[in-house]
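Open the structure in your viewer and keep the selection tool at hand. The stops below go in order.

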Amino acid sequence: FDGLSRSLEKAWDSVRKDGKLTADNIKGPLRDIRRALLEADVSLPVVRRFVSKVEEAALGERVVKGVAPDQKLVKVVYEELKSLMGGQQAELVQPKYGPSVILMAGLQGTGKTTAAGKLALFLKKKGLKVLLVATDVYRPAAIDQLVTLGSKIDVPVFELGNKVAPPEIARQGLEKAKKEEFDAVIVDTAGRLQIDERLMDELRETKRVVNPTDTLLVVDAMTGQEAAALVKAFNDAVDITGAVLTKMDGDSRGGAALSINEVSGRPIKFVGTGEKMEALEPFFPERMASRILG
Ligand code: GDP
């Protein structure tokens with residue numbers, strides 16, 4: 001987010017010398033904010049809505065003695081950034097009874113299998129008994145990869161090789177989890193190179209079979225605003241409960257983090273920040289907003 005915070009600096013500078021925010025002196029900063037967000041690869045309709053909300057809020061702010069106009073503008077932008085990203089942290093859905101069942105969906109290469117392992121470790125550290133279920137039967141070595149990750153973090157992996165259909169593997173995995181009183185089951189589903197009907201049909205079927213508490217779409221932050229469209233497409237097709245945004249440690253410009261909730265109506269629940277199993281964090285809109293503002 002360095003680029004984004006640096007370009008926003010300019011916006012504050014230009015109102016610093018004036019006594020208050022006015023329709024006139026706010027034009028320049030709004031332009032800078034608009035440009036900064038577009039450069040960060042935030043989708044255009046999102047940028048437009050954002051800028052008009054900031055304008056409205058900034059001009060609506062009462063004159064508070066002692067608060068410099070640039071500080072006021074920073075505060076307005078912070079609040080709007082936070083609300084753009086969903087306002088509050090979105091937690092995993094808690095089941096009324098039985099194990100949490102988390103379906104991990106996503107395209108190949110986004111970091112889905114890695115995220116399944118990371119989430120398993122995250123829940124295990126909370127004291128939960130976790131089972132991983134390997135149903136990604138199409139990508140060569142995906143099952144082995146999950147088994148290796150599982151042994152690294154000491155979480156069992158249920159698998160039936162790659163000759164059994166994913167929904168059936170998921171069904172048997174869940175059965176085992178219930179019988180052996182696991183607290184959480186994480187199902188790594190099959191990914192493909194692009195969205196197609198077979199992928200969606202199979203995902204729908206797996207979802208129907210395991211009736212998950214959460215369906216999380218794994219998206220690569222490097223895809224920028226495209227990530228938001230992907231979340232929307234999956235949400236329209238299979239009704240997801242949130243996203244995991246991976247590769248936030250890379251040089252993504254922030255467009256994905258800022259567009260997803262607004263475009264899809266679904267929150268980012270976690271972010272991946274590296275290749276290690278520990279590199280997963282819950283997503284906090286307020287922390288992200290602070291980070292962007294530097
Ligand atoms: P899948 O095809 O979606 O299951 O993708 P994988 O889980 O195999 O991940 C693809 C590549 O991305 C692997 O090399 C992972 O190590 C890497 N990867 C996954 N998540 C992250 C992340 O948060 N940061 C970084 N830098 N790399 C990641």
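Buried here means under 20% relative accessible area. The model on screen is predicted.

Start with helix α11, residues 285–293, and pick out its buried residues: Pro-285, Met-288, Ala-289, Ile-292 and Leu-293. Turn the view to look down the axis of α11; these buried residues fall within an arc of 135 degrees, so they line one face of the helix.

Which helices each supply at least two residues of its lining? They are α1 (2–16), α2 (27–39) and α4 (69–84). By class, the lining has eight nonpolar residues, no polar and no charged.

Two cavities of 30 Å³ or more are counted. For the largest, select Thr-135, Pro-166, Thr-189, Ala-190, Leu-199, Glu-202, Leu-203 and Thr-206, which line it. The space in this largest cavity is about 50 Å³. Helix α8 (residues 197–210) gives the most to the lining, with four residues. The lining of the largest cavity is made up of four nonpolar, three polar and one charged residues.

Last, select residues 267–280, where an unreviewed UniProt entry places the feature "domain: SRP54-type proteins GTP-binding". This span is 0% helix and 43% strand, and its end C-alpha atoms lie 16 Å apart.

Key
Residues are numbered from 1 along each chain as its sequence is written. This is a predicted model: local features need pLDDT of at least 70, side-chain atom pairs count only at pLDDT 80 or more; totals for chains, interfaces and linings use all residues. Side-chain values use heavy atoms; hydrogens and water are left out. UniProt positions are given in the numbering used here, feature names are shortened, and annotations may be inferred rather than shown by experiment. Buried means under 20% relative accessible area, exposed over 50%, partly exposed in between (1.4 Å probe, protein chains only). The arc is that of the directions from the helix axis to the C-beta atoms. On a 1 Å grid over the protein atoms alone, a cavity is a set of points where a 1.4 Å probe fits but cannot get out, and a pocket is an open set with protein on both sides within 12 Å along at least five of seven lines; lining residues have an atom within 4 Å of a point. Grid points are joined across faces, edges and corners, and a volume is the space filled by probe spheres set on the points. Ala, Val, Leu, Ile, Met, Phe, Trp, Tyr, Cys and Pro count as nonpolar, Asp, Glu, Lys and Arg as charged, and the others, Gly among them, as polar.
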